[in-house]
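Subject: Structure for your review

Dear colleague,

Please find below the structure that I am handing over to you. A summary of the findings follows it.

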Amino acid sequence: MPDIKVTPLGAGQDVGRSCILVSIGGKNIMLDCGMHMGYNDDRRFPDFSYITQNGRLTDYLDCVIISHFHLDHCGALPYMSEMVGYDGPIYMTHPTKAICPILLEDFRKITVDKKGETNFFTSQMIKDCMKKVVPLNLHQTVQVDDELEIKAYYAGHVLGAAMVQIKVGSESVVYTGDYNMTPDRHLGAAWIDKCRPDILITESTYATTIRDSKRCRERDFLKKVHESIERGGKVLIPVFALGRAQELCILLETFWERMNLKAPIYFSTGLTEKANHYYKLFITWTNQKIRKTFVQRNMFEFKHIKAFDRSYADNPGPMVVFATPGMLHAGQSLQIFKKWAGNEKNMVIMPGYCVQGTVGHKILNGQKKLEMEGRATISLRLIDGVCASVIILEVKLQVEYMSFSAHADAKGIMQLIRMAEPHNILLVHGEAKKMAFLKDKIEQEFNISCYMPANGETTTVTTNPSVPVDISLNLLKREMALGGPLPDPKRPRTMHGTLIMKDNSLRLVSPEQALKELGLSEHQLRFTCRVHLQDPHSDTDTLSRIYSHLKSVLKGYAVQHLPDSTVMVESIVLKVSSSAEEPDLKVVLLSWCFQDEELGSFLSTLLKKGLPSAL
Amino acid sequence: MAAHLKKRVYEEFSKVVQQLPHEEVPAKKLRLTKPSKSAALHIDLCKATNATDALQYLLNFARKPVEAESVEGVVRILLEHYYKEVDNSVRLKIASLLGLLSKTAGFSPDCIVDDVISTLNNDKSKQVLAQLLDTLLVIGTQLPENIAVTQRLIDVACKHLNSTFFGVRNKCLQLLGCLGTVDKPLTKESETGPSASATPPRDVPSLISDYFSDQDPRVRTAAIKAMLQLHERGMKLQQTVYNQACKLLSDDYEQVRSAAVQMVWPFLMAFIVPIPSSNEEIRLVDDSFGKICHMVSDGSWVVRVQAAKLLGSMQQVSPHFLEQTLDKKLMSDLRRKRTAHERAKELYTSGEFSSGRRWADDAPKEKVDTSGVNLIDSGACGAFVHGLEDEMYEVRIAAVEALCSLAQASPSFAEKCLDFLVDMFNDEIEEVRLQSIHALRQISTNITLREDQLDTVLAVLEDSSRDIREALHELLCYANVSTKECIQLALLELLKNLTKYPTDRNSVWKCLKFLGARHPTLVLPIVPELLSTHPYFDTPEPDMDDPAYIAVLVLVFNAAKSCPTMPALFSDHTFRHYAYLRDSLSHLVPQLRLPGRKQVAGTSSETSGVGAGSLESAQHFLQESLARVSTLQNLDSPGAQELLHFTIRDLQRLGELQTDLAGSADFCATYLHCQLLLMKALQEKLWNMAVPLCLKQNAMASTAAQQILEETYKLEFLYSGLESRQVATIHNVRLQAKALQLILIARTKRGVEPLLALCEKFLQEVEAFQRLFITELPHFQDSFVEKLLELMPRLVACKPLDLVKILQTTLRQSRFIHLKLPEQIHRALATIIEPTGESDNPLRFTSGLVVALDIDATLEHVQEPQTVVKVQVLYPDGQSHIIHPKPGDFRTPGPGRVRLITQVYLSHSAWTEPCQIEVRLLLAYSSSSSKLAAPKPAWNESMEGLPTSENLIEGTINLSKPVKVFIMPKPARR
């Protein structure tokens, strides 16, 4: 039996560095190629040596598909393509292709310029890598090669996020990437048709959560921000540069306009302006409201939101700042956090998921004292004999967690499963414990098998693909004419035909045509059979008696009495002879060809019963 | 070269020759179609050489109606051509024409059933077959009584059910759905084939349900629809059908799912009554309800809209189940979590109002039992939560509507869904916000708003959209609030709104009026604060013109109406302001019983005495006066004029006093006024005078006639609620007026020529009257019209001058028709709120360019305002423009009330001085739009061919008082 193999190199029972290998129908596909936020060493990137120890990956992979532009889904791409070596096609949607290099460049800057790492990919490598990208449109079927085809579906989550269906023959796999089943202020909800894939590889970040209506969340968020501003506090909202940030911007922008607030809203880093530009361009990827109103006013042209400058952080008075990165592990958001953490009037709102090991994760768990590396030395400690400067940061500001993360919750995941109706499910991108719960639920509710492989663990799913066969029109029409006019979909039907397997194609044709095509001559197969009859009449009389008997029994058939003292029933020949010794014992010779087997055997049994005396 | 030229000439010449007959054909045809359609059609079809031409003829033919008498002939000709025709498209068109023709009123299509069925058996083309079946469907629906035909049609349908073409199967199912009966098994089924002979005779539903699993989604949809049709016709559906329908809910095609959702619904209704002995049927209700809830999260938004709408119609579902639709069963990390709504409520009940400061107040509580959590099959769980946050606003609107109708039926559910509706006020799409505000208004009688909820509601007052704000004001008029803080909050926000958007003044005041009247006890404790009075110190007197201060006063005075202790808290100037406001804004400030103040006897007795009893007495009075008038037998009787005078005066006064009867009283008064005018005109001396001498008096009589005519139009079109009898009475008066005019013209004009045409027209009108009001004629004994109709044969024959003489005598002898009042008559009314006409600052604009003038008006009791209401702008130089407002400018805030908010574009060449223009609303009417106009022919694909009736009268009636606007077009600067 053919099977599909799935091996997560990252994101198996884990969040971060999504990278999943799929081999289906003899094709190898890599889904996503991300990096891990929690690590700064080799564990940051997926372990490509799993694919091959040395040499390039091109020979082993047919294509790479990137679901969206978040770094945990595309961060390792230049490393893989340029440093490990891959020259095949990389597929991503248009918005992803536009925004991805900006984020990669930003990531590179932070790692190389700030942290001073070497042996990292360069700007040129990012550029070279992007040259290998083939853009995808929604619902467009792209032929990677003759057999492998992929198709993208809308996934919500962030601008340009896509779910991909990978199909070889009748086997298919759907990879969801990250998706969101509830629409938000700037994006719609994920949607897929009933494609019934063999495996659905779905993320499961919120496997054990059912979220409240987004309206309550929005109202809560606005209320919290508003109250803090009225107290004169500063609000820090760490965000990924793109995605949630835009939604929150739209939310705050409209709120500011409605409530006529004056406090400034800042958005950090220059890359945002570039990214916002793309948001304005890819209007078709946004939600109904923005699509309908962009002619009057493009919602991404903000009036109240200004660019942030580092010096603003020390300004007095209330303000709202969006800063990257989202998990407070580095960069501007961490700097601002350090500045504001001491004042209890201030507030930090964590709008998304935080990976273990990041500052965000720590403060969300209620840690009130943080150890930080920093230049300003407050207390010195000796660690392993090395003098490191460490500050202890007191966290006084309010920490709020607003689940604005645009992942599907448990109900949403179930909804997607119901939409796609897969045969098997594979969970990735989530914590093992939570996955186990969801796995149980899925198996219980849908009664289909569910897998949750760890990194490097291979899941094999046997499939039962249907083999398509071309049937010749003539044969089909002939069959149609035989049986009723309508094919009954409930019952299978048998038919005669010849299966020709030639040049990798299967065809079902009528036997005559098959013979003609293959240049073979037909072998006639005739059966002959003698039936002994007790009949006192002469040979010719017996024959005519048989003739009239058959004529009366076989109403719908052509029964002929030929002059050369034979009777033909269709193509079956009957002859009567008798030996001189026993004139009463007539020997009826029956001869029929293979095709008339049924009629022939019927006739022989009929004759064996003898002729009715009435004749 | 010459040869070439010659050739060209010939070519052109020959072309012309060819075209000649072609161009003649349509002209001829037009002439022919009038007398006999069938003949013309026959000629056309015979002439047609190819299929395209024939099709063209048929298309033209279909545009014009066919009289009932000639349908039969036309049908025969069509069938004749049908048999001859080889082209499929032409046959298809003929088949469709047959269907159209059999719809003609007065034609009984049973004579063509045989023909159609026989053609059905012979035709090969599948499209044509489908069309023929459609024709049969039309015929079948025309003949619901004819059981033999119905049975035959059902047999035909069964026979063609196994066609390979989906269209044929569709139509067959449609036929079965429309005509099939449950009780009669299909006995003739066995004829269809030997294979079916083994199966026992089957009934229609089971036959249809076979096609639930057809391979073509279109056929599946048709099968479901046919089944629904059966249900609508009163057949009871079987349980098995329900199970099949449920399976179709997960069909691959959205149209099938959408139809299946509708299919599940009747079961909900059918088995709604729980039977104590068998809980099977109760489970079925729950089951189907759960199924529909499930469909709210379907993949296709069309299905979602459908499902959300259906949810609104499930009022009988048990409350326990209903409430689940609002509960999503939240959890976080496998621990049960409360929704934000629950938390808010808890906070509120625990006495602490502001939220968000407490650390982790949304922290998950108890651990959820893992096995107990159903993620998907929890049925109704959270259906509305999903529907309300759907991606498509169509679904959200449907969900809001459904919530609203469910909440109206159940107060406890209303309480529960309040939070969700309030949340919808923050939706990103204005329509949804507006819809949810309206929904909340509709259910607000059932609920009391909490302070935190009110806070969210009031935040919307800052919305920049006027519609939203006004809807919210409307909502606040009906809302119940729980505490005095709520009142304070509401007032504060409304005042804020007033300063931000001064145009909302009227609406805000009105809103406060109701707010005060509803919550007198809540207003009482905050009165000193509101009026800023102090126990010891005098406070400065507030500015009386300040809209905010007026707003506060409106609130206080309305609360004081049912709270007699409140006036004690007023300071002196408050009383003065009261007197002023009572006078200037009497609709907002009620009559108060103030201590130490004498009430003005006259007005108070009238207004305070107006109660339920007075309405009856007024009604009685109205009837009395009418009865009194009805004693008048003849227009000539002495004292009649005085009686009419007084009655008219009485009725007018009554209308002013009793607003409920204003329509009826006005109507009667106007009618009597017409009679009075007529009476006066007839009693003029001029009738005895010689013709040349009476020119001067003539003027009086002719103006009277003119006035009566105008009044009759007003009577007919301005009042709603008239029955055909009243309309006939009005028409009678109008005829009298016209007769009067005719007589006057006859007396003044020389020569017979002009008179002849006028007489002709008059007679036509009399005939039209007879046509329209034939049923009403018995009530018109001895009336002008009746007499005329009696004399009709003579009138038609005689000369104009004789006719005039006859008219004159009948006019004098005819009896006065008494008015019988229908239940309710309303007079159409319009008031222009904006512009107010008070501004002294002219609207300046550059001449030749356009300036937009905002118009805001309320209309009452106007039917179809979108088509009849116009805006007239009258410039000082006598130019007048009539502007048709867009249909979208009309809003309907309540039943019978329409609000027109529109912009009128003005432009003019330069003036030297600012000058006033007049703006008013007009009601356009035309006699063809009269409610009793001849019924339109049934077969009207397009009406262009019909001649419009000759006596079509179009005009306008003033609907509102004119408002003056100062404008100043300045010359353009060069």
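Over all chains, the structure, which is a predicted model, holds 42 salt bridges. One of them joins the side chains of Glu117(A) and Arg44(A), at 2.9 Å from N to O. Glu117(A) lies in the loop between helix H3 (94-114) and helix H4 (123-131) of chain A, and Arg44(A), 73 residues apart from it, in the loop between strand E3 (27-31) and strand E4 (63-65). Arg44(A) counts as buried because its relative accessibility is 7%, under the 20% limit. Also in chain A, a network of salt bridges links Arg56(A), Glu82(A), Asp87(A) and Lys132(A).

In chain B, Glu470(B) and Arg899(B) form a salt bridge through their side chains (2.1 Å, N to O). This pair connects helix H23 (residues 466-478) with strand E13 (residues 897-906), across 429 residues. Glu470(B) is buried, at 13% relative accessibility, and Arg899(B) is buried as well, at 14%.

A further salt bridge pairs Arg152(B) with Asp114(B), whose closest N and O atoms are 2.3 Å apart. Here both residues are partly exposed: Arg152(B) at 34% and Asp114(B) at 44%.

With kind regards

Definitions and conventions: Residues numbered from 1 in each chain as written. Chains lettered and ligands numbered in written order. Predicted model: local features only at pLDDT ≥ 70, side-chain atom pairs only at ≥ 80, totals over all residues. Heavy atoms only, no water. Salt bridge = Lys/Arg side-chain N within 4 Å of Asp/Glu carboxyl O. Helix = DSSP H or I, 4+ residues; strand = E, 2+ residues; numbered from the N terminus. Buried < 20%, exposed > 50% of the residue type's maximum accessible area, 1.4 Å probe, protein only.
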